[in-house]
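This briefing is written for a reader who is new to structural descriptions. Please consult the sequence and the structure shown below while reading the points that follow.

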Amino acid sequence: MAVDYSAKPLLTVDGLKQYFKVSKSFTVHAVENVSFKIYPGETYGLVGESGSGKSTIGRSIIRLYDPTAGKIQFDGTEISGKLSTHDNHILRTQMQMIFQDPMASLNPRKKIGDIIGEGLDIHHAYMNRAERAEKIQDILAKVGLAPEHASRYPHQFSGGQRQRVGIARALIMNPKLIIADECISALDVSIQAQVVNLMKDIQQETGTAYLFIAHDLSMVKYISDRIGVLHLGHLLETGTTEEIFSNPIHPYTRSLLSAIPAPNPIVEKQRVAESYDYKTSGIDYNQGTDHLVSGSHYVKCTDEEFAKWTKRVI
Ligand SMILES: Nc1ncnc2c1ncn2[C@@H]1O[C@H](COP(=O)(O)OP(=O)(O)O)[C@@H](O)[C@H]1O
Ligand SMILES: [Mg+2]
């Protein structure tokens with residue numbers, strides 16, 4: 001399904017800042033002025049190394065944190081300020097999250113069916129027990145699990161199966177946006193591909209959008225329509241997957257791309273990893289502003305950096 005970029009964005013994040021005061025004299029600037037949009041049915045891949053602020057962005061959007069500054073709009077409703085009961089309900093049902101470690105996020109004492117049905121229970125989303133059971137069975141089938149799995153416990157499942165449970169739990173609310181925070185990072189590579197394919201199939205069927213968070217670009221390339229590159233809380237570059245992969249502008253993006261192993265051994269032998277060290281780079285992220293490269297491709301930098309990196313004359 002092609003994404004309609006002339007449609008109204010499903011999610012608009014505008015100038016998001018998320019700071020954590022850790023002591024009297026020290027505040028962590030986890031997210032610094034981040035703006036991006038996600039369109040209905042789109043997969044937006046957010047990549048960056050550990051500690052770059054990916055999870056914080058996801059958690060601020062779904063309001064596990066109160067944003068320090070900035071505006072977040074979801075499906076036409078502003079969700080960054082004080083939430084009304086109605087808006088809170090929309091947020092808790094229409095936006096769902098899948099976590100990295102399914103074992104830690106699934107209650108070990110609850111049966112899979114009840115874990116999956118939790119959202120339905122909280123939001124009274126069924127008329128009777130039969131309808132509840134039917135909804136759970138439908139979702140189990142959708143994520144490739146068997147009906148009898150509903151009466152088993154999390155420890156009886158493999159890592160890949162548990163992640164399917166995590167997806168089922170998110171999906172049962174029929175959300176418009178799923179935030180998947182490193183949801184495949186803990187899985188074997190072969191299982192990663194299976195889960196990503198499942199997520200793609202589900203998107204085809206339901207039209208849900210994904211904020212797909214990952215620390216490397218390999219799977220992100222495969223699933224994302226657009227990609228945002230995050231470093232030290234700053235969104236440095238964003239564009240379609242094609243724009244980012246064929247014409248990376250920021251040295252940090254280039255270093256991330258050069259770190260991806262090539263599947264072809266001959267190409268892999270010649271691969272040169274580009275190193276990047278912010279401290280010695282002379283780059284100051286706080287001085288950067290968004291520069292349009294082309295299409296929907298933007299890079300955050302100063303005018304001088306932009307001219308140098310794109311070899312343009314100013
Ligand atoms: N609740 C918190 N209190 C203080 N610092 C935090 C908190 N959550 C995250 N951080 C810090 O914010 C930065 C970004 O963290 P995080 O969003 O978890 O990064 P990522 O998901 O990209 O690994 C890190 O420096 C982290 O230590
Ligand atoms: Mg994280």
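Strand β2 contributes six residues to the lining of the largest pocket, the most of any element. Strands (E, at least two residues) and helices (H or I, at least four) are DSSP runs, numbered from the N terminus. This is a predicted model, in which local features need pLDDT of at least 70 and side-chain atom pairs count only at pLDDT 80 or more, while totals for chains, interfaces and linings use all residues. Residues are numbered from 1 along each chain as its sequence is written, and side-chain values use heavy atoms, without hydrogens and water.

**The largest pocket**
- A pocket is an open set of points on a 1 Å grid over the protein atoms alone, where a 1.4 Å probe fits, with protein on both sides within 12 Å along at least five of seven lines; lining residues have an atom within 4 Å of a point.
- The space in the largest pocket is about 540 Å³, a volume being the space filled by probe spheres set on the points.
- Among the 28 lining residues, Ser-35, Phe-36, Leu-235, Thr-238 and Asp-290 are the closest to the centre of this pocket.
- Two or more lining residues come from each of β1 (11–23), β2 (26–38), β10, β11 (289–294) and β12 (297–301).
- The lining comprises ten nonpolar, ten polar and eight charged residues; Asp, Glu, Lys and Arg count as charged, Ala, Val, Leu, Ile, Met, Phe, Trp, Tyr, Cys and Pro as nonpolar, and the others, Gly among them, as polar.

**The second largest pocket**
- The volume of the second largest pocket is about 390 Å³.
- Sixteen residues line the second largest pocket, and those closest to its centre are Ile-62, Arg-92, Met-95, Gln-96 and Met-97.
- Helix α4 supplies the largest share of this lining, four residues.
- The lining of the second largest pocket has ten nonpolar, three polar and three charged residues.

**The sheet**
- Four strands form an open, antiparallel sheet in the order β2-β1-β4-β5, where two strands pair if DSSP finds at least two bridges between them.
- Because β2 and β5 (77–78) stand at the edges with a single partner strand each, one side of each has no neighbour in the sheet.
- The antiparallel strands β1 and β2 are joined by nine bridges.

**Helix α10**
- Helix α10 (residues 251–258) is largely enclosed by the rest of the structure, because six of its eight residues are buried (under 20% relative accessible area, 1.4 Å probe, protein chains only).
- The buried residues are Tyr-252, Thr-253, Ser-255, Leu-256, Leu-257 and Ser-258.

Terms used: Chains lettered and ligands numbered in written order. Buried < 20%, exposed > 50% of the residue type's maximum accessible area, 1.4 Å probe, protein only.
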